[in-house]
Amino acid sequence: METVRMGNLSPTHPDSRNARTRAFAALAAALLPLAAAATAAVEPQRMFFGFGTSKPDDPAALRQRGADAVCGVRERLAGLGYETSVLLGGDGKVAESGVRTTGRVTCAAVTNALAELRQRLGTNDTVILYSHTHGVKRRGDWPGGMLLDKGAEGSGDRRPGLNWAHYAEQLLSLPARTVVVLTLSCHSGGLVEHLNTDEKSRSQWQARREQGRDFVVLTSQNATALSNPRSIDGETINPFTYAVFRTFESAADGYRRGQAERAPDGKISLAELTEYVIDEAKRHTRANDAANDPDPQVTGSFDPNRILAVLPSASAPPPLPLVEELVSEGERWSCTADAKPLSGLLLKPAGAGPFPAVVLSHGRGGNAQAIMRARGAELVRAGFVCIATDYTHAGQESGRGMSANRKLTQVGACPENVCRGLACIEILRQTKEVDPKRIALYGHSMGAFLTIALAAAAPDQVAAAAITAGGVVPDGVAAAAPTVSVATRVCAPFLILHGTADTTVPPERSELLKRTLDSQGVPNARYLFEGVGHGLPNEKTDEVHRLLREWFAKQAAAAQAR
């Protein structure tokens, strides 16, 4: 640090006061970097560690389900600002950043990962752990545990697994202020049972509360039953995993057990996490497997108001672009939208109108002409005006082409495409044959992503929306699809059509959209087409057209009556 010399001036001399002022300023300037460094050093971290594995003889679908569960929790927490790390066996989905893989997740691998975590955590930090494994029930004095490879060296295990006593010991040694443990396996309630009955373990987690620290353990099942998946919203998923997903998608915000009215505040607390996960999981019972119905267990001591995550706030929707120099020549139109040139197609039914209208948004490699030919002609025959333009993901037929190097965040629901779609809405509003109260949206694939974003960007201008093969992603995920937070601004009744065999846009994306719309009270309907892939509109053309016509006609009539 620089030394500031004060000299021999009298304390009352003006130059003395100036010198002291300069000295204090210099001292403050020297101390500021140190203060900033100290603040940075104690800035609380939020960390997530997940691990999962399966048995070698498990069916491929079961192995994949476990990997998807771990990576799904990771994805959601990464979107909420958590630093994430995942350890998976080599049988499931592994092509993600931050995912370490091994042929099999072993006790040693988990123990080593927890030791690394212990070294990194500070006393002001928050850590969430999620595991998805097979479980082994208590036998005699062996407490049960996770079925991994074999007992950790020196742990006293006599069965193949990471036993609950050894796992509890590792969890209780984590120095973080808030430790949340989410454990999915058959008989996983054995971990809660051990923490509650083992005197040493119980005294340790009770002492944490007296120190102002939190320790929460939630398990998918009790200590004696199996933890089986269920069919939920068309997806095979464990109810515990489903509840955890929904918690960090904002469904737990404002949740209070036994209270019908919610008071969401944009945050997820420990009380909301524990109550929502337990209650949501228990909703998914099954008559033919009642003995193994979800029975999540919880233990620990914690501040119920402790905040685990702050949900992203939705930004205000953009205004409709300024459309000028609009010229129509037959089916073709051109204009400037916020001073940028734009062109496309507009088809009208015979007659003076006013007619309901639909903005058509094509998928990747498509263009305005192709979607107008495939979908627009049918809707025009049904009495709808249809408009379409080319987007950034258009194919070569458009005359523009899509760069192979274009990032996913520059296609689909990107800001440029939203501006073009909003311009189409504004053009329809300026078209004398169109009833501006009855404007609807339809899109496929990347056009479906854009349709969701448009419905969110112009909620007061859209009467209805429909998509095929589209959906949303969790907050914080960079993709061509819009996020959950964007979808919370959608107000228009929404029709969702998806093929169960779609590997380009998995059905989970539209299922997440439906859950988001349900949470906002938005009328919607979701139809799944068994065994159909990403080409749903072409594979089931007649049925898709029928559903679109009926949906748009129903919503147009409702809008006209308002």
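Modeller: One definition to begin: helices (H or I, at least four residues) and strands (E, at least two) are DSSP runs, numbered from the N terminus. On that count the protein comes to 15 helices and 23 strands. The model is predicted, so local features need pLDDT of at least 70 and side-chain atom pairs pLDDT 80 or more, while totals for chains, interfaces and linings use all residues. Residues are numbered from 1 along each chain as its sequence is written, and side-chain values use heavy atoms, leaving out hydrogens and water.

Colleague: Where is Asp-338 found, and what makes its phi stand out?

Modeller: Asp-338 is in the loop between β16 and β17. Its phi is near 50°, a positive value in a residue other than glycine. Ala-469, in the loop between β21 and α12 (484–487), has a positive phi as well, near 60°.

Colleague: What makes the bond between Gly-353 and Pro-354 a cis peptide bond?

Modeller: Its omega is about 0°. Pro-354 lies in the loop between β17 and β18.

Colleague: How do you know by how much helix α9 bends, and where?

Modeller: The bend at a residue is the angle between axes fitted to the seven residues ending there and the seven starting there. For α9 (residues 368–381) that angle is about 45° at Arg-375. Arg-375 is also one of the buried residues of α9, with Ile-371 and Leu-379 among the others.

Colleague: What covers the buried residues of α9?

Modeller: The cover includes β17 (340–347), β18 (355–361), β19 (385–389) and α15 (541–561). Such contact means heavy atoms within 4.5 Å.

Colleague: What happens at the start of α9, and what just after it?

Modeller: At the start, a side-chain oxygen of Asn-367 reaches to within 3.1 Å of the backbone nitrogen of Gln-369. Just after α9, Gly-383 takes a positive phi of about 100°.

Colleague: How many strands does the open sheet have, and in what order?

Modeller: Nine, in the order β15-β16-β17-β19-β18-β20-β21-β22-β23, with mixed pairing. Two strands pair if DSSP finds at least two bridges between them. β17 and β19 have four bridges, so they pass, and they pair in the antiparallel sense. Leu-346 stands opposite Ile-387 in β19.

Colleague: How does α13 run against β22?

Modeller: Helix α13 (residues 507–519) runs at about 160° to β22 (494–499), and lies across β21 (464–468), β22 and β23. Axes are lines fitted to C-alpha atoms, for helices over the stretch in contact, and angles run from 0 to 180 degrees between N-to-C directions.

Colleague: How do you know that Arg-76 forms a salt bridge with Glu-249?

Modeller: A salt bridge is a side-chain nitrogen of Lys or Arg within 4 Å of a carboxyl oxygen of Asp or Glu. Here the closest N and O atoms are 2.7 Å apart, so the pair qualifies. Arg-76 lies in helix α2 (residues 60–78) and Glu-249 in helix α7 (residues 239–251), so the pair ties together parts 173 residues apart in sequence. Arg-76 has a relative accessible area of 8%, so it is buried. Glu-249 has 8% as well and is buried.

Colleague: What other salt bridge is there, say for Asp-293?

Modeller: Asp-293 pairs with Arg-230, with closest N and O atoms 2.9 Å apart. Asp-293 lies in the loop between α8 (270–282) and β13 (297–301) and Arg-230 in strand β10 (residues 230–232), so this pair ties together parts 63 residues apart in sequence.

Colleague: What separates Arg-515 and Glu-511 in helix α13?

Modeller: Being four residues apart, they are separated by about one helical turn. They form a salt bridge, with the closest N and O atoms 2.2 Å apart. Arg-515 is buried, and so is Glu-511. Salt bridges that share partners join Glu-75, Arg-76, Glu-249, Arg-509, Glu-511 and Arg-515 into one network.

Notes. Buried means under 20% relative accessible area, exposed over 50%, partly exposed in between (1.4 Å probe, protein chains only). A polar contact is a pair of N or O atoms within 3.5 Å; within protein, one must be able to donate a hydrogen and the other to accept it, and residues adjacent in sequence count only if both atoms are side-chain atoms.
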